[in-house]
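Here is a colleague's note for someone opening this entry for the first time. Please keep the sequence and the structure in view while reading the points below.

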Amino acid sequence: MPTQAILIAAPGAVRREVARWSVTLKVGSLMLLVIVLAGIFAPLVAPFDPYFQDYDRVLLPPSGTHLFGTDQLGRDLFSRVIYGIRIDLMVGFIITFVPMIYGVAIGALAGYYGGVLDSVLMRLLDTAIAFPFLVLIIVVIAILGPGVQSIYIAVFLVAWTMYARLARAEMLVERSKDYMLAAKTLGYPTSRIIFRHALPNIIGSSVVFSMADFVLNILLLSGLSFLGLGIQPPEPEWGAMVAEGRDFIFENWWICTLPGLAIVVTGTALSLIGDGLARRFGQRHQAIL
Amino acid sequence: MQFLAYILSRLVQMVPVLFLVVLIAFLAMELVPGDPIMLMLGGRANETMLAALHAEFGLDRPAITRFFSFIINALQGDLGTSIIQRQPVSVIVGERIEKTVFVIVYGAVLAVLVALPLAVIAAMKHDRPVDHVIRIGGMIGMSMPPFWLALLLILLFGLGLGWFPIGGYGEGFFGHLWHLFLPGLTIALFLSPILVASLRAAMLDVMGEDYIEVARSKGLSPRRIMFKHVLRNALIPAITVLSINIGWLLSGAVIVEYVFSIPGMGSLLVRSVGSRDYPVIQGLTVVFALFVMLTNLAADLSYMLVDRRVLRK
């Protein structure tokens, strides 16, 4: 199991693991590392305060001082894009991996025990797949008002179902294998059998899917913010920044185009990692959605 | 006969999902913190007006009664009255369905036109440079947010070259085609990466099957094998991917309608959430969900046209 190998990492083990990575996985990981570091050290990387409005420097085109130019309030767009990493990547991470944790757990339990639990879960999954996700999100936003809490609630309600489906399918294959029977014969507690022995073997497809899911979740967050239903304007969220620049598209093209580039670069990094993981986990063809 | 039984069983399966959808739509107005009428009017109401509106929307009756009358009315096509526009919701939504469907179908057709050749090339040149270029291009394409893509297309084709209008719905069929080209292209561009990837994977799977080996050993030309045998059998997974992504496609349509100011259901939804027009939001929830369910049903039925074996499963 590669992640465990990294966790108990001797430097040599890390080097051997990285040597097995495909080019896409290496390039994607490097891109993501740079983005994450830029987000963590945003105060050092960003040349200006992302909220500071300088009315002497409004609507300046990209230049040496202002790499991405300035917006209608004189804020430095590059600094705002850098601080935006903290919002988009962070929220995207949460709405991808929190549902993954309990989704995989539910799927694994249902697959292991079968019976009533499993048939109830299958009914739920069938309902979830027929239900338009965006509509639910917008209904939740209509109830609670725009903002990131509404997105959390709606996503947490629905997004786990895909992971439960994947984990359940893998568990059905895994549960009758010899090592599982051996663990059972040894009298290990069920929790240990499921989470210690089966989990590393059933999580591969969920991990691969999570990368595509991560990309879609960043698109979802920025899309809702673009529509004015997500994170609200003074915050440097990428989609909201594009929306702010939309009124100036004719004369000042950089305000709405350059923040969008941040989404494309981040999404591409994650997609490259997903592609590399699919190869690393030995799936024949990329399992997409 | 078998066919009819299949449709019937699928329709029966839709009932619980539809019930859940109607329940969620109903809860949209029920769970609002505070008084929904007060919220909608934004504090502009006096006592008598408030009481009259409460009676009109049935808010003076218990929730359970309202839920059942909501279902019964919805079954009869009555989705309530918009509080902002003062018109039946079914009328407001009804005249917008056609526009949204036009945008989505146009986008899906363009997406297939873009994706099919790319997928065939990628599968035929499997693991060669062309394949990698298409795969990496797809990853970049999948990361492009539709609203950003739409703005880029507006800059390029609308303003730079001036070839296409950047908003509106147009007059007549060809007017629609012309006005909706940029919106359709936006949807096509953000849908086709998913389509290319799944079609390519499906074709590679089919190409490993025995009957392709047989066809090859009989000396059929690669072109004939590709189009006659591989493509046809790869269509089922592709249709599945399209129908699973119909919700995703709809969310793209919402954004595209908003950017290009097309008077469809999506732009109405965004505006209604902004103005807290709950009856319209409820109506749109039901219609959107029906749309997704019917599309999934249509996808399942179209499997049978492509592959008769589906019926036996």
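Predicted model: local features only at pLDDT ≥ 70, side-chain atom pairs only at ≥ 80, totals over all residues.

1. As for handedness, the crossing in which H6(B) passes H9(B) is left-handed. On the side of H6(B) the contact is formed by B:Ile134, B:Gly138, B:Gly141 and B:Met142, while H9(B) contributes B:Leu189, B:Ser192, B:Pro193, B:Ile194, B:Val196 and B:Ala197. Sorted by class, the residues of this contact between H6(B) and H9(B) are 7 nonpolar and 3 polar, with no charged residue.

2. Helix H7 (residues 133-144) of chain A packs on helix H8 (residues 148-158) of chain A at an angle of about 140°, and their axes lie 9 Å apart. With that angle, H7(A) is oblique to H8(A). The crossing of H7(A) and H8(A) is right-handed, whereas H6(B) passes H9(B) in a left-handed one. From H7(A), the residues A:Phe133, A:Leu136, A:Ile137, A:Val140, A:Ile141 and A:Leu144 meet A:Gln149, A:Ser150, A:Ile151, A:Ile153, A:Ala154 and A:Val158 of H8(A). The contact of H7(A) with H8(A) has 10 nonpolar residues, 2 polar ones and no charged ones.

3. Chain A has 14 helices and 0 strands, and the C-alpha atoms of chain A fill a box of roughly 75 × 50 × 30 Å along the principal axes. Chain B likewise comes to 14 helices and 0 strands, with its C-alpha atoms filling a box of roughly 85 × 55 × 35 Å, again along the principal axes. Of the 289 residues in chain A, 47% count as buried, and of the 313 residues in chain B, 39% do.

4. In chain B, residues 24 or more positions apart account for 72% of the contacts with a separation of 6 or more.

5. Which residues touch the most other members of the largest nonpolar core? They are A:Ile138 and B:Leu195, in a core of 164 residues. The largest share of this core, 17 residues, is supplied by H5(A). Apart from its neighbours within four places in sequence, B:Leu195 is in contact with B:Ala111, B:Ala115, B:Ala238, B:Val241 and B:Leu242.

6. The two chains also meet each other, in a contact that takes 41 residues from chain A and 47 residues from chain B. On the chain B side, the helices that each supply at least two residues include helix H1 (2-30), helix H6 (129-142), helix H9 (181-207) and helix H14 (278-306). The largest share of this side, 8 residues, comes from H7(B). By class, the side of chain B that touches chain A holds 39 nonpolar and 8 polar residues and no charged residues.

7. Leaving aside neighbours within four places in sequence, the residues in contact with A:Leu77 are A:His66, A:Phe68, A:Gly69, A:Thr70, A:Asp71, A:Ile255, A:Leu258 and A:Pro259. Is B:Arg216 buried, exposed or partly exposed? With 14 other C-beta atoms within 10 Å, B:Arg216 is partly exposed, and its place is in helix H10 (residues 210-217) of chain B. B:Arg216 and B:Lys125 are 91 residues apart along the chain, and their C-alpha atoms are separated by 17 Å.

Methods:
Residues numbered from 1 in each chain as written. Chains lettered and ligands numbered in written order. Contact = placed C-beta atoms within 7 Å. Helix = DSSP H or I, 4+ residues; strand = E, 2+ residues; numbered from the N terminus. Nonpolar A, V, L, I, M, F, W, Y, C, P; charged D, E, K, R; others polar. Buried ≥ 20, exposed ≤ 12 C-beta atoms within 10 Å, placed from the backbone. Core = buried A, V, L, I, M, F, W, Y, C linked by C-beta atoms within 7 Å. Axes fitted to C-alpha atoms, helices over the stretch in contact; angles between N-to-C directions. Parallel < 35°, antiparallel > 145°, perpendicular 65-115°, else oblique. Left-handed = near helix turned anticlockwise from the far one by under 90°.
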